[in-house]
Amino acid sequence: MIPTWRLRAAFARRLSAVYGTEVPAYTTLLDVTGEVNDEVARRNPDAGRLGGLDRVTAERHGAIRVGTPRELRQAAQVFAALGMRPVGFYDLRDATTSAVPVVSTAFRPVDPDELARNPFRVFTSLLTTADRRFFDAGLQARLEAFLARRTLFPPELLTLAARAEREHGLAPEEAERFLALAVDAFALSPEPVDRAWYAELARISAVAADIGGVTRTHLNHLTPRVLDIDALYRRMADRGVTMIDEIQGPPRWDGPDVLLRQTSFRALDEPRRFREPDGSVTTGTLRVRFGEVEARGIALSRAGRARYDALCAETDRRLAEDGRATRQDVAREVWEAGFPREERLLAAGELAFFTFHPAAARPRDGRRPPADLAGLLDDGWLTSHPIVYEDFLPRSAAGIFRSNLAGQGTRDAARTGTPYDEHRLSAILERPVHDPFEIYAAQQDAALRHALEALGADDARRALASRATALRPSPPPRTEGAAP
């Protein structure tokens, strides 16, 4: 049997090879990413604190877009064969002023050991065809009829995927067939694009056209991970590759790296075949695919994310007052005033997630461990190690979508958006959508419990048991249609 994680690793490698032939600038991105990672690892012995060089080098996240609940369920089956579960709910409709009529989740491993073996992720977006801000009733009906006629995932692929999920792997011949079919399902189709239909959708939303104006899905980007995204941004520009205007996410500063920073090169003109209204086939270009790259930091708790959101809002406020300032400069100033500068403060303040271990070098002085996490860290009873943020930021994702769109599209702001949340998405998928905060909290709680047991710190364990649940409160209610 070829186990699940090896299927996932092989799929990621093959997909990367295919995407490199389709988008040659992606190969340049990989080359520069490798150069930067090697240089950072040589000069910084602590570079592997958020993942060793082998993991970072192999790490990818892809992005696809589908049009119907049925297509999303089928994509989930393919990813389940690879040990990838839906994690998180992202509403991009209200995360940007551009017309991006999609809601999304990310398929990824949820077990820390599986992530360590191969942390492949696919950010998957669903077109919201019933959202009247973008599609009137007539266009919705025609769009859904078009989508109903296509087949993204052949029955043989889905049968093999179900077997792989059920049996936690496949026999070698079946594995080879499954991988070939799966990679082909995400490759760019050579079929001609109906020019008039695509253009009609593109006037509303370039994203809608990319989903509903073609007969197949395809990778929109395949993202490597870099250890110094600012250096990569400069180096790609030096090689003549046009980058988007700024790096999305937290600013570069002297404190801990948290969450996710992303950037990309701009979408390129790619040759495509078009079917004209008279039935003839011509050649032209489309600009829908781009080369994204990311730098990952520490996973923040709900309290930490609330702090992050507040800093983003303050940055926006200051930029509105001073249009001459750059976002990076303003954000850095805001962060230096409002965010902890040390990992210890993030851990003790329960603003971020860590694993904990008994400190081997602490002298035996007869003292009993204190009953609070800050005291355990400050007095040298425990050491902490950050948990890597494995997920996404709706504002950052929408920012990159927006930067690579040819136009803003249109939306009727007077209409109400179709309500979506993680519960509705779970019902569509017929699978649970995992809460990323719960995943990180469970990993931290288990590590802290084992560390305190090893210390024999019964008082601390009892005192911190109730504190651990505070890291996993129920998510606050959201306004319908609002981004998380």
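Author: Gladly, and please keep in mind that this is a predicted model. We can begin with Ser426, which is found in helix α17, a helix made of residues 422-429.

Reader: Which residues does Ser426 touch, not counting residues up to four places away in sequence?

Author: With those neighbours set aside, Ser426 touches Arg431, Pro432 and Val433.

Reader: And what separates the C-alpha atoms of Ser426 and Thr33?

Author: These two residues are 393 residues apart along the chain, and their C-alpha atoms are separated by 35 Å.

Reader: Changing topic, how do helices α1 and α8 cross?

Author: The axes of α1 (residues 4-22) and α8 (residues 172-185) come within 10 Å of each other and cross at roughly 40°, which means that α1 is oblique to α8. The crossing of these two helices is right-handed.

Reader: Which residues meet there?

Author: From α1 come Leu7, Ala10, Phe11, Arg14, Leu15 and Val18, and they meet Ala175, Glu176, Leu179, Ala180, Ala182 and Val183 of α8. Sorted by kind, the residues of this contact are ten nonpolar and two charged, with no polar ones.

Reader: What about the largest nonpolar core, which residues touch the most other members?

Author: That core has 68 residues, and those touching the most other members are Phe123, Phe135, Val258, Phe339, Leu346, Phe356 and Leu382. Helix α18 (residues 436-455) gives the largest share of this core, six residues.

Reader: Where does another core come in?

Author: Another core, of 65 residues, lies apart from the largest one, and among its members are Leu15, Ile64, Ala81 and Ala231.

Terms used:
Residues are numbered from 1 along each chain as its sequence is written. This is a predicted model: local features need pLDDT of at least 70, side-chain atom pairs count only at pLDDT 80 or more; totals for chains, interfaces and linings use all residues. Side-chain values use heavy atoms; hydrogens and water are left out. Axes are lines fitted to C-alpha atoms, for helices over the stretch in contact, and angles run from 0 to 180 degrees between N-to-C directions. Helices (H or I, at least four residues) and strands (E, at least two) are DSSP runs, numbered from the N terminus. Angles under 35 degrees count as roughly parallel, over 145 as roughly antiparallel, 65 to 115 as roughly perpendicular and the rest as oblique. A crossing is left-handed if the near helix is turned anticlockwise from the far one by less than a right angle, and right-handed if clockwise. Contact means heavy atoms within 4.5 Å. Ala, Val, Leu, Ile, Met, Phe, Trp, Tyr, Cys and Pro count as nonpolar, Asp, Glu, Lys and Arg as charged, and the others, Gly among them, as polar. A nonpolar core is a set of buried Ala, Val, Leu, Ile, Met, Phe, Trp, Tyr and Cys residues joined through side-chain atoms within 4.5 Å. Buried means under 20% relative accessible area, exposed over 50%, partly exposed in between (1.4 Å probe, protein chains only).
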